[in-house]
Amino acid sequence: MSDSTNTIETFANQEYKWGFVTDIEADAIPRGLSEDVVRLISAKKNEPEWLLEWRLKAYRHWLTLTEPTWANIHYPKIDYNDIIYYSSPKSKKDGPKSLDEVDPELLKTYEKLGIPLAERAILAGVAVDAVFDSVSVATTFKEKLKAQGIIFGSFSEAVQEHPDLVRKYLGSVVPTSDNFFAALNSAVFSDGSFCYVPKGVRCPMELSTYFRINAKDTGQFERTLIVADEGAYVSYLEGCTAPMRDTNQLHAAVVELVALDNAQIKYSTVQNWYPGDKDGKGGIYNFVTKRGACRGVNSKISWTQVETGSAITWKYPSCLLIGDNSVGEFYSVALANNWQQADTGTKMIHIGKNTTSTIVSKGISAGHGQNTYRGGVKILKSATGARNYSQCDSLLLGDQCGAHTFPYLEVKNTSSQVEHEASTSKIGEDQIFYCRQRGISTEDAVSMIVHGFCKEVFRELPMEFAVEAQKLLGVSLEGSVG
Amino acid sequence: MSLLEIKDLHAKVADREILKGISLTINPGEVHAIMGPNGSGKSTLAQVLAGRELYVVTAGQVIYDGKDLLEMSPEDRAREGIFLAFQYPVEIPGVSNMYFLKAALNTIRKHRGLEEYDAMDFLNLVREKMKLMEMDQTLLNRPVNTGFSGGEKKRNEIFQMAVLEPRLAVLDETDSGLDIDALRTVAGGVNALRGPERAMIVVTHYQRLLNYIVPDFVHVLSQGRIVKSGGKELALELEESGYAGLGIEDDEEAVARV
């Protein structure tokens, strides 16, 4: 990690080598969605015919769908014809011109999180020409991965360079018809990441730093596809702990994971997009479909998420446990502060024999935040000897917030075992006072108690990520007690 | 110079005045017992000294080590050496006792300009202090006070006090809920911490604790005022004649409203 950080900083501190700017792409696509827009996106990306057809099929299906209303979230109606569906690179004209123009609160947060100075400008969306050359940094990583046969890069690149792999797996876990937001994403996705780890290869690094640099402008509709071939292992870190200044209102991403025989995928997310201000104005609507298929025997997919940002989070990273003895895991910390709303959880679909799943969900509500856990455990007839363990805990700060739990269990095989535990607790003023009487500040006390509450999830995160996530929670909860 | 000087302290909770003019001077090395019937304001005094915001000081002054105590936040009071052993120690699920105490100690050390303890130094210190309190080491790894018995909680308070080494310790009904063996252990721990630099305020309803922690001064509180002060023999006098012997009724009306 430190090596790669150094690399980034070195790049960041370099003078910009190409001292001119070419504004190639003005936003050519008008607002709104139509078949023409889908065709235009596909054409701009120079996509093969089959992919265009795939997008169109998704678009036509999307037209027949209505936005889901079952989630415990409330927001004004989204006008899908008032969205610009393609802008690459994202227009920076509206962004702040320098760090001086950025909300000082945001900068203070970066400082507290220990974000390197060079990265702060990027995260804040400052319209500098190029703070550092991310392509070059990316190349350094890519060479190292390539040596092991690992394919890792942007989705658009993969479409050009590995069309067969993309075609084989794209939409195989989340079909275009899956749900309203997934269909929308399939029609208009702009970019994202693609990763393929070949047979028997253990990816030598956490695929994270690359993302932190590269994913900054993947846009509203990103698409991620990760395939671990037989016996392969990969750990993927998505997002970054710093709040991204992003004016987009709607994010609808799709992530698909495929694990073949004896393969393992560990997918960790820290999502800290703009949550809106203290009065609930603004903020990202985050509607994400994430699903992994454990296709092979003894395969394992593990989701770990720390969701502290966005005004609305609608997200259920799930596992299809198809291969015998396959394992699905979901570890989640979701925070809803001020006026944030989170409706998140998982689905574990047990199909193969002796499949096991573990769900650990920790919801924290503060301010006027509303936090909902929604989980589905389905054990099909074929899943002899399946086991599930679910634990959903809620922590409340203050008396204006809410915690809701909706666990759904559907068991069709009598040899299976399903366990569910739930708890709700409250950080009390007496706990805070007790800490303060021992010299610990309110801020540290809240962070300590929250961390204690979340530690079963944090220990699933890669080390340096866990440290940042802990700091992040502390920062996100500032001012919510006392 | 005195360590603590309380001058005509008035405090209320909600809209009810509980402390109605307390004055008390405490020098380093002294142990003062505050006795009184239920509802007399003993615990309120302890909480006000610790800075509990529930209690509002309406008049008077408290000078601690030359500083205006009432201007200080609870955490700053703690960092400056005030320790409250809680009557009802608070449970903090998910946070290990060890982690909690290390965070507390290091914040206090940092405040005093001392180097923070690393895990090894801390463990050595803690082992030594645990022996003093005859505490089971497994308590260190359990969440703060969570699932502790009443005796374990009280013992844990004094253990924390031993680790944090305060200059002024306020023990709020540390004897309540303890059987005689636990009482002896806790008192033993407290006595081991007595020293020329450290002062203590021992708040108790019963004289029993004072057989083990022998005070230098005893003050009797009734209806928010100190009605009598004396040496350790005052406690014995109370034991014989009861509060009624001093003409003090249980402040029942007050109790009912607390």
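Analyst: A term first: a residue is buried if 20 or more other C-beta atoms lie within 10 Å of its own, exposed if 12 or fewer, and partly exposed in between, with C-beta atoms placed from the backbone. This is a predicted model, in which local features need pLDDT of at least 70 and side-chain atom pairs count only at pLDDT 80 or more, while totals for chains, interfaces and linings use all residues. Residues are numbered from 1 along each chain as its sequence is written, and chains are lettered from A and ligands numbered from 1 in the order in which they are written.

User: How much of chain A is buried?
Analyst: Of the 482 residues in chain A, 51% are buried. Chain A holds 13 helices and 18 strands; helices (H or I, at least four residues) and strands (E, at least two) are DSSP runs, numbered from the N terminus.

User: And what share of the contacts in chain A comes from residues 24 or more positions apart?
Analyst: Such pairs account for 84% of the contacts in chain A with a separation of 6 or more. Two residues are in contact if their C-beta atoms, placed from the backbone, lie within 7 Å.

User: What does β8(A) pair with, for example over 6 bridges?
Analyst: The partner over 6 bridges is strand β6 (residues 254-259) of chain A, in the parallel sense, and there A:Ala259 has A:Cys294 as its bridge partner. Two strands pair if DSSP finds at least two bridges between them. Strand β5 (residues 250-251) of chain A is also parallel to β8(A), over 2 bridges, with A:Leu250 opposite A:Tyr285. Strand β10 (residues 312-315) of chain A runs parallel to β8(A) and is joined to it by 4 bridges; A:Val288 stands opposite A:Lys315 there. Strand β11 (residues 318-321) of chain A is likewise parallel, with 4 bridges to β8(A), and A:Arg291 faces A:Ser318.

User: Changing topic: what is the strand order in the open sheet of 7 strands in chain A?
Analyst: The order is β4-β7-β9-β12-β14-β16-β18 (chain A), with parallel pairing. β4 (233-238) and β18 (417-427) of chain A are at the edges with a single partner strand each, so one side of each is left without a neighbour in the sheet. From one strand to the next the twist averages 5°. At the β4(A) end, 6 bridges link β4(A) to strand β7 (residues 264-271) of chain A, where A:Leu237 is opposite A:Ser268.

User: Which strands does helix α12 of chain A lie across?
Analyst: Helix α12(A), residues 442-458, lies across β9 (300-307), β12 (327-336), β14 (356-365), β16 (387-397) and β18 of chain A, and runs at about 165° to β14(A). Axes are lines fitted to C-alpha atoms, for helices over the stretch in contact, and angles run from 0 to 180 degrees between N-to-C directions.

User: On to chain B. At what angle do α4 and α6 of chain B pack?
Analyst: Helix α4 (residues 119-133) and helix α6 (residues 150-164) of chain B pack at about 135°, with axes 9 Å apart. That makes α4(B) oblique to α6(B): angles under 35 degrees count as roughly parallel, over 145 as roughly antiparallel, 65 to 115 as roughly perpendicular and the rest as oblique. Residues in this contact include B:Leu125 and B:Met130 of α4(B) and B:Ile158 and B:Phe159 of α6(B).

User: What is the strand order of the open sheet of 4 strands in chain B?
Analyst: It is β2-β1-β4-β5 (chain B), with antiparallel pairing, and β2 (16-26) and β5 (67-68) of chain B are the edge strands. Strands β1 (residues 4-13) and β4 (residues 55-64) of chain B are joined by 8 bridges, and B:Ile6 stands opposite B:Val62.

User: Finally, how many residues does each chain give to the contact between the chains?
Analyst: Chain B gives 18 residues and chain A gives 17 residues. On the chain B side, α2 (74-79), β7 (92-96) and α3 (97-111) each supply at least two residues.
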